[in-house]
Amino acid sequence: MRTAYSVQTVRAAERALMARLPEGALMQRAAAGLAAACADVLRRRGRVYGSRVVLLVGSGDNGGDALYAGARLARRGAGVRAVLTAPGRAHEGGLAALLAAGGRVAEGADAWGGHIDLVVDGITGIGGRGGLRPDAAELVRAFAATGAPLLAVDLPSGVEADTGEVLGKAVRADATVTFGTYKPGLLIDPAAERAGALHLVDIGLGPELPAVPELEVLQYADVAALLPVPGAESDKYRRGVVGIVAGSARYPGAAVLAVSGALRGGAGAVRYVGPGADAVIARHPETLVHAGPPSKAGRVQAWVVGPGLGDGTEAAEAVRDVLAAEVAVLVDADGLRLLDAGAVRGRTAPTVLTPHAGEAAALLGVPREEVEAGRLAAVRELADRYRATVLLKGSTTLVATDDPDTPVRVNPTGTSWLATAGSGDVLSGLTGSLLAAGLDPRDAASAGAHLHGLAARHASDGSPVAAQDVAEAIPAAWRDVRA
């Protein structure tokens, strides 16, 4: 499992570790890891010896990391030139080490006046706020225009380390070398999209970090440990029966897709309630259909309500009926517009809400752009306001609970091919099947998002994909995780 910690926590851990190490040892560990990553980039482009490297150096410690790493590269025969964004305030020891190794200080974007093999961004560190200053932003723009790969030190300069927000001009890196632990901004868009490939350098910080991080990112083994596997005594009820209330005369396909996701997700049985029964049975004859209301449809261990439901009186009554059930309920799409906040907060059984940014904005009463710019704050606020588990869909899908001490989970398997009509309906059914199988809401939402993203990758293989293709690929994603 990957974990990420806030700037405050990282700073405290660094202080505790530095108190036990010789002066400067922690920076040397970081610089050694950074230099190794830079050398790897240079080798892939030809060789380290004779290459041309530019360091963009600010006044903070990550500028010192860049300078010490540059000194190591210079000793290996690379030509290294440092452009100081705050002349007179650069790290003294790092600058002296670079000059002693044969590196030079240069001014402006013509540091080499020709071909460059690597640009290293050490302008601002995890304490930076509010984007790059205009002169630094122009410097970054000029070096980015050379086409040389850009490697960021700890995180791209200009992004917000704790939130993933980008509040001004910021570096767009091809890769980021971070130290000790991941920072939230490296994992959450829009900042994460600017980080490129991530490389974590172990500097011995682990023992100083608290057990509970700010963020978690589940890996294959973590998801595999969550997935239910039927045993010899299993029957459809032990595997989980999920109820699906979805579809309308206008959107009958939503019912089919939600049921598809539930069946491919391992449900022992699916009970469908809604006007799309004929379409559902035509595609999935094993589905149990009922005219409604949901409370009369029969035994279920979880309900999914909302995909393609419309906004009529019957739809609103169906949402109220489902929210009154004493089992886990997942609310998506039209169901989010029809739910009563008080009814959700008053539930004793678990509730999962699965909005995209637009739906989250409507629930919070803010512009969509505010949610997209501050995804972490939005998902936490939604979970707290509705006392529910919230899966916020998007370029980075986040899962939060209403417990502020529980880490937010970030899904690592998302792909832009999921930006297609109906893919959210598949996710709802898939996650509902995991709820019915007995997973707690946070685990069901996390595993569902993980499998959904993997299924999309299987289905697309780099080409356009439809939602039904994603549903059909869920078993392949399941096999990947358990392999």
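In the predicted model examined here, Asp 384 is placed in helix 15, which spans residues 375-386. With a relative accessible area of 47%, Asp 384 is partly exposed, and together with Asp 402, Asp 403 and Asp 405 it forms a negative surface patch.

Oppositely charged side chains were considered next. Side chains of opposite charge can pair when their charged atoms come close, and a search of the whole structure finds 17 salt bridges. One of these joins Glu 208 to Arg 20, with the closest N and O atoms 2.3 Å apart. Glu 208 lies in the loop between strand 8 (197-201) and strand 9 (215-217), whereas Arg 20 lies in the loop between helix 1 (7-18) and helix 2, so the pair ties together parts that are 188 residues apart in sequence. Glu 208 counts as partly exposed, at 24% relative accessibility, while Arg 20, at 55%, counts as exposed.

A further salt bridge is formed by the side chains of Arg 409 and Glu 216, at an N to O distance of 3.0 Å.

Asp 332 and Lys 393 form another salt bridge, in which the closest N and O atoms are 3.1 Å apart. Distant parts of the chain are again linked, as Asp 332 is found in the loop between strand 14 (328-331) and helix 11 (334-338), and Lys 393 in the loop between strand 16 (389-392) and strand 17 (398-400), 61 residues apart. Asp 332 and Lys 393 are both buried.

Ser 51 is located in the loop between helix 2 (25-44) and strand 2 (52-57), and the side chain of Ser 51 reaches the backbone oxygen of Val 48 at 2.6 Å. Ser 51 counts as buried because its relative accessibility is 4%, and buried means under 20% relative accessible area.

Technical notes:
Residues numbered from 1 in each chain as written. Predicted model: local features only at pLDDT ≥ 70, side-chain atom pairs only at ≥ 80, totals over all residues. Heavy atoms only, no water. Patch = residues over 30% accessible without salt bridge, like charges linked within 9 Å, V, L, I, M, F, W, Y side chains within 5 Å. Areas by Shrake-Rupley, 256 points an atom, 1.4 Å probe, with all protein chains shown as cover. Salt bridge = Lys/Arg side-chain N within 4 Å of Asp/Glu carboxyl O. Lys, Arg positive; Asp, Glu negative; His and termini not counted. Charge placed at Lys NZ, Arg CZ, Asp CG, Glu CD. Helix = DSSP H or I, 4+ residues; strand = E, 2+ residues; numbered from the N terminus. Buried < 20%, exposed > 50% of the residue type's maximum accessible area, 1.4 Å probe, protein only. Polar contact = N/O pair within 3.5 Å; in protein donor to acceptor, adjacent residues only side chain to side chain.
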